[in-house]
Amino acid sequence: MSEMTDSELADRRESLLESAREAAGGAYAPYSKFHVGAALLMADGTVVTGANVENASYGLSLCAETVAVAKILSAKGEARQLLAVAVTGGAPGAPGQGMTVTPCGRCRQMLNEVAQLGGTDPVVWSDGAQGILEERLSTLIPHAFGPANLA
Ligand code: THU
(Lines give C-alpha, C1' and ligand atoms only; values in the text may rest on other atoms or scores of the structure.)
Protein backbone atom coordinates (compact mmCIF):
# COMPACT_ATOMS: atom_id res chain seq x y z
CA MET A 1 0.00 0.00 0.00
CA SER A 2 2.22 2.86 -1.16
CA GLU A 3 -0.43 5.23 -2.44
CA MET A 4 -4.09 5.73 -1.66
CA THR A 5 -6.77 7.27 -3.82
CA ASP A 6 -8.75 10.21 -2.40
CA SER A 7 -11.67 7.89 -1.82
CA GLU A 8 -9.52 5.27 -0.01
CA LEU A 9 -8.16 8.08 2.15
CA ALA A 10 -11.65 9.37 2.88
CA ASP A 11 -12.59 5.86 4.02
CA ARG A 12 -9.87 6.05 6.67
CA ARG A 13 -10.94 9.46 7.98
CA GLU A 14 -13.31 8.44 10.76
CA SER A 15 -11.08 5.70 12.14
CA LEU A 16 -8.04 7.98 12.11
CA LEU A 17 -10.01 10.67 13.95
CA GLU A 18 -11.11 8.02 16.43
CA SER A 19 -7.48 7.01 16.97
CA ALA A 20 -6.63 10.66 17.63
CA ARG A 21 -9.49 10.97 20.14
CA GLU A 22 -8.32 7.82 21.88
CA ALA A 23 -4.75 9.12 21.93
CA ALA A 24 -5.92 12.35 23.57
CA GLY A 25 -6.81 10.21 26.59
CA GLY A 26 -3.07 9.72 27.14
CA ALA A 27 -2.30 13.42 27.34
CA TYR A 28 -0.18 14.66 30.21
CA ALA A 29 -1.53 18.18 30.40
CA PRO A 30 -1.97 19.15 34.05
CA TYR A 31 -1.24 22.84 33.32
CA SER A 32 -3.39 23.70 30.30
CA LYS A 33 -5.90 20.91 30.94
CA PHE A 34 -6.25 20.85 27.15
CA HIS A 35 -5.87 17.28 25.94
CA VAL A 36 -4.69 16.85 22.36
CA GLY A 37 -4.38 13.66 20.36
CA ALA A 38 -2.79 13.14 16.96
CA ALA A 39 -2.93 10.09 14.69
CA LEU A 40 -0.66 9.72 11.66
CA LEU A 41 -1.48 7.25 8.89
CA MET A 42 1.52 5.84 7.06
CA ALA A 43 1.45 4.34 3.56
CA ASP A 44 1.91 0.81 4.91
CA GLY A 45 -1.30 1.21 6.92
CA THR A 46 0.46 1.81 10.24
CA VAL A 47 -1.14 4.38 12.53
CA VAL A 48 1.19 6.25 14.89
CA THR A 49 -0.37 8.30 17.66
CA GLY A 50 0.78 10.96 20.09
CA ALA A 51 -0.60 13.09 22.89
CA ASN A 52 0.64 16.35 24.34
CA VAL A 53 3.19 16.10 27.12
CA GLU A 54 3.51 19.22 29.25
CA ASN A 55 6.21 20.22 31.68
CA ALA A 56 6.37 22.28 34.87
CA SER A 57 8.70 24.49 32.85
CA TYR A 58 5.80 25.35 30.53
CA GLY A 59 7.80 26.24 27.44
CA LEU A 60 9.24 22.73 27.25
CA SER A 61 5.86 21.18 26.59
CA LEU A 62 5.48 18.92 23.57
CA CYS A 63 2.47 18.93 21.28
CA ALA A 64 0.67 15.73 20.32
CA GLU A 65 1.79 15.93 16.67
CA THR A 66 5.41 16.44 17.70
CA VAL A 67 5.28 13.38 19.96
CA ALA A 68 3.90 11.30 17.07
CA VAL A 69 6.55 12.60 14.66
CA ALA A 70 9.29 11.75 17.18
CA LYS A 71 7.93 8.21 17.39
CA ILE A 72 8.08 7.83 13.61
CA LEU A 73 11.53 9.32 13.15
CA SER A 74 13.02 7.35 16.04
CA ALA A 75 11.66 3.99 14.89
CA LYS A 76 14.22 1.90 13.04
CA GLY A 77 13.26 0.71 9.60
CA GLU A 78 9.79 2.14 9.79
CA ALA A 79 8.02 3.30 6.64
CA ARG A 80 8.04 7.08 6.59
CA GLN A 81 5.50 7.86 3.90
CA LEU A 82 2.95 10.00 5.69
CA LEU A 83 -0.49 9.98 4.05
CA ALA A 84 -2.83 11.54 6.59
CA VAL A 85 -2.93 13.30 9.94
CA ALA A 86 -5.86 13.60 12.35
CA VAL A 87 -5.78 16.08 15.23
CA THR A 88 -8.26 16.59 18.01
CA GLY A 89 -8.27 18.38 21.33
CA GLY A 90 -10.32 19.78 24.13
CA ALA A 91 -11.30 19.26 27.72
CA PRO A 92 -10.18 15.97 29.32
CA GLY A 93 -12.41 13.18 28.04
CA ALA A 94 -14.14 15.45 25.52
CA PRO A 95 -11.88 15.92 22.50
CA GLY A 96 -13.38 17.47 19.39
CA GLN A 97 -16.22 19.19 21.19
CA GLY A 98 -14.88 22.71 21.04
CA MET A 99 -13.16 24.89 18.46
CA THR A 100 -11.37 23.15 15.61
CA VAL A 101 -7.83 22.17 16.59
CA THR A 102 -5.38 22.62 13.73
CA PRO A 103 -1.68 21.80 14.17
CA CYS A 104 0.29 24.73 15.61
CA GLY A 105 3.05 26.32 13.55
CA ARG A 106 5.85 24.27 15.08
CA CYS A 107 3.91 21.05 14.50
CA ARG A 108 3.34 21.94 10.85
CA GLN A 109 7.11 22.18 10.49
CA MET A 110 7.59 18.87 12.34
CA LEU A 111 5.03 17.13 10.12
CA ASN A 112 6.69 18.60 7.05
CA GLU A 113 9.92 16.80 7.94
CA VAL A 114 8.25 13.40 7.61
CA ALA A 115 6.22 14.45 4.57
CA GLN A 116 9.28 15.64 2.65
CA LEU A 117 11.31 12.56 3.60
CA GLY A 118 8.63 10.33 2.14
CA GLY A 119 7.71 12.64 -0.74
CA THR A 120 4.06 13.04 0.25
CA ASP A 121 1.66 15.91 0.87
CA PRO A 122 -0.52 14.45 3.65
CA VAL A 123 -4.11 15.41 4.16
CA VAL A 124 -4.69 16.97 7.60
CA TRP A 125 -8.05 16.46 9.33
CA SER A 126 -8.68 18.87 12.19
CA ASP A 127 -11.47 17.90 14.55
CA GLY A 128 -13.95 20.27 16.17
CA ALA A 129 -17.58 20.87 17.03
CA GLN A 130 -18.14 22.72 13.73
CA GLY A 131 -17.09 19.66 11.72
CA ILE A 132 -13.84 18.40 10.28
CA LEU A 133 -11.53 20.86 8.55
CA GLU A 134 -9.59 19.18 5.72
CA GLU A 135 -6.45 20.69 4.24
CA ARG A 136 -3.27 19.43 2.63
CA LEU A 137 -0.17 20.02 4.73
CA SER A 138 1.28 22.16 1.92
CA THR A 139 -1.67 24.52 2.36
CA LEU A 140 -1.08 24.78 6.11
CA ILE A 141 2.64 25.39 5.61
CA PRO A 142 3.30 26.70 2.11
CA HIS A 143 6.87 26.87 0.75
CA ALA A 144 8.09 24.87 3.75
CA PHE A 145 11.77 24.59 4.50
CA GLY A 146 12.75 20.94 4.89
CA PRO A 147 15.28 18.19 4.30
CA ALA A 148 15.16 18.83 0.56
CA ASN A 149 16.69 22.28 1.15
CA LEU A 150 19.72 20.74 2.80
CA ALA A 151 20.31 17.96 0.28
N1 THU B 1 -1.19 21.49 21.58
C2 THU B 1 -0.94 20.37 20.84
O3 THU B 1 -0.64 19.30 21.39
N4 THU B 1 -1.03 20.46 19.49
C5 THU B 1 -1.38 21.58 18.82
O6 THU B 1 -1.33 21.59 17.60
C7 THU B 1 -1.85 22.77 19.56
C8 THU B 1 -1.53 22.77 21.01
C9 THU B 1 -1.07 21.41 23.04
C10 THU B 1 0.09 22.17 23.63
C11 THU B 1 -0.37 22.38 25.06
O12 THU B 1 -0.01 21.23 25.82
C13 THU B 1 -1.87 22.45 24.95
O14 THU B 1 -2.21 21.94 23.67
C15 THU B 1 -2.43 23.86 25.06
O16 THU B 1 -1.79 24.71 24.18
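What follows is a walk through the fold and then the ligand site.

This is a predicted model, in which local features need pLDDT of at least 70, side-chain atom pairs count only at pLDDT 80 or more, and totals for chains, interfaces and linings use all residues. Residues are numbered from 1 along each chain as its sequence is written, and side-chain values use heavy atoms, with hydrogens and water left out.

Start with the chain. It has 5 helices and 6 strands, taken as DSSP runs (helices H or I, at least four residues; strands E, at least two). From the N terminus the order is α-β-β-α-β-β-α-β-β-α-α. The radius of gyration is 14 Å, close to the 15 Å that the globule rule gives for 151 residues, so the chain is as compact as a globular protein of that length. That radius is taken over C-alpha atoms, and the rule is 2.2 Å times the number of residues to the power 0.38. Along the principal axes, the C-alpha atoms fill a box of roughly 40 × 35 × 30 Å.

Now the ligand. Around the ligand stand Ser32, Phe34, Val36, Asn52, Glu54, Cys63, Ala64, Glu65, Thr102, Pro103 and Cys104, where being near requires a heavy atom within 4 Å. By class, this shell has 6 nonpolar, 3 polar and 2 charged residues. Cys and Pro count as nonpolar, and Glu as charged.

Polar contacts are pairs of N or O atoms within 3.5 Å. A polar side-chain atom of Glu65 lies 2.7 Å from a ligand oxygen. A backbone N or O atom of Ala64 lies 2.8 Å from a ligand oxygen. For a polar backbone atom of Cys104, the distance to a ligand oxygen is 3.0 Å. Taken alone, the ligand exposes 380 Å², and the protein buries 76% of that (Shrake-Rupley method, 1.4 Å probe).

Note on methods
Polar contact = N/O pair within 3.5 Å; in protein donor to acceptor, adjacent residues only side chain to side chain.
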